[in-house]
Amino acid sequence: METLTQTPPNSLEQIAALERQYLLQTYSRYPVVLARGKGVFVYDIEGKKYLDFVSGIGVNALGHAHPRVVKAVRDQAAKLIHVSNLYYHEYQGPLAERLCKLSGLNRAFFSNSGTEAIEGSIKLARLAGHRAGGDAKSKLVALEGSYHGRTFGALSLTGQDKHRKGFEPLLEDVTFVRQNDVEGLRAAVNDNTCAIVLEPIFGEGGIYECSVEFLRECRTLADKHRAALIFDEIQCGLGRTGNIFAFQTFGVTPDIVAIAKPIAAGLPLGAFISKEEFATAISPGQHGTTFGGGPLACRIALEFLSIVEEENLLENVNRVGAYLHDKLKDLVTKRSVAVGVRGRGFIQGIELEIPARPIVDGGLAEGMLFNVTHDKVVRFLPPYLLEEKHVDKGIRVLKKLLARKQHS
């Protein structure tokens, strides 16, 4: 039997080599090993400091090592981490109540991830559809350019060929409509539709917003045809638009909303929240999870929601998000390689005429964590603690990097 290495790898080269040998090669990582974080900053194993505009792809909304989160994790880990859903614990019910009251919906189910929240949402919609219209009421409508996850159900609703290629056949009876195409939507939805599924703001799809007119028509058609309107707020929800739920920003309430990313401050937790008329379609044994909704994750999620409220972080998202938007728009007017800015709050993107990956690579060298999506979009998903001075630093670096490309 081969002897395992006794000393852990302690350099980028060693760590990368070990992963290349033993991990499935599904990730193209940036050449940095992050070791710790504090607030809006992270530090690599050599001690270099980075300003974090990615926050774990929207997960670390409270930044890193928030003292209240650290205290709650330590306290709960010493008491009870896991019990399974065979038994009650103290935190799942209060968290469900909090989310229901914040959303105006009625019942929650906790999962491990956003993808699983989408899977549960479409399972619930199928059950409700069959109850309302028989087996034929099973068709799904989704949007071109969308992204919902990588399991088969979520992938079937993802309107990007690059993610679907190689995994077909996926779920049948999914019709894709262009975002904000009201006429196309009307043509796609009928009495056999059980759900319309969409992101109010595309995340992986390039930070494109659904129009209020389009969302209202989704609501009207879902009501007319007794279908579930499902909002995927895994990336844009839980405060990132400046409201707890993105649907509150747009003024259109779904029947089911899927959430995840920041809810447990970095611990794995997702959920979908449903109106009662859809929630009653499911019965014991028809859906479940081993790890979802455990005491540690639920306690931290309650702490997350309390911190957002008590530290007035939504106000900060709105104020600093508007400041970021203005600064990005200034960049567009001054840098010919930058062609447009999209999004709001702390989910924004600047579109370039050139590939964005070299900008992200350049940011690393300058002590900045940026993110690329949709090939030519630099995406910003910063922690809710971000201040104007941090925006200024990020813009200075971005301006410098874009100037190099403009003159190269």
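**Rings, cysteines and helices**

Mentor: This is a predicted model. In it, F370 is buried, and F380 is buried too.

Trainee: What makes the pair of F370 and F380 edge-to-face?
Mentor: The ring centres are 5.9 Å apart, and the cut-off for a pair is within 6.5 Å. The planes stand at 80°, and over 60 degrees counts as edge-to-face. The pair is therefore edge-to-face.

Trainee: Where in the chain do the two residues of this pair lie?
Mentor: F370 is in the loop between β13 (368-369) and β14 (371-373), while F380 is in strand β15 (residues 377-380). They are 10 residues apart. Ring pairs also join F53 with F370 and F380 in a cluster. The whole structure has 6 aromatic pairs.

Trainee: How do you know that C210 is in no disulfide?
Mentor: The structure holds 0 disulfides. For C210, the nearest cysteine sulfur belongs to C218 and is 6.9 Å away. A disulfide needs the two sulfur atoms within 2.5 Å, so C210 is in none. C236 is likewise in no disulfide, since its nearest cysteine sulfur, that of C210, is 8.9 Å away.

Trainee: Why is C210 called buried?
Mentor: Its relative accessible area is 2%, and buried means under 20%. C210 therefore counts as buried. With 1% relative accessibility, C236 is buried by that rule as well.

Trainee: Why is S55 called buried?
Mentor: S55 has a relative accessible area of 0%. That is under 20%, so S55 is buried. S55 lies in helix α2 (residues 55-58). Apart from neighbours within four places in sequence, S55 is in contact with N60, R240, L381, P382 and P383.

Trainee: How are helix α4 and helix α12 packed?
Mentor: Helix α4 (residues 92-103) and helix α12 (residues 295-310) meet at an angle of about 40°, and their axes are 8 Å apart. The crossing of α4 past α12 is left-handed.

Trainee: Which residues make the contact?
Mentor: From α4 they are Q92, P94, L95, R98, L99 and L102. From α12 they are C298, A301, L302, L305, S306 and E309. By class, the contact of α4 with α12 has 8 nonpolar, 2 polar and 2 charged residues.

Note on methods
Residues numbered from 1 in each chain as written. Predicted model: local features only at pLDDT ≥ 70, side-chain atom pairs only at ≥ 80, totals over all residues. Heavy atoms only, no water. Buried < 20%, exposed > 50% of the residue type's maximum accessible area, 1.4 Å probe, protein only. Axes fitted to C-alpha atoms, helices over the stretch in contact; angles between N-to-C directions. Helix = DSSP H or I, 4+ residues; strand = E, 2+ residues; numbered from the N terminus. Left-handed = near helix turned anticlockwise from the far one by under 90°. Contact = heavy atoms within 4.5 Å. Nonpolar A, V, L, I, M, F, W, Y, C, P; charged D, E, K, R; others polar. Phe/Tyr/Trp six-rings, centres within 6.5 Å; stacked < 30°, edge-to-face > 60°.
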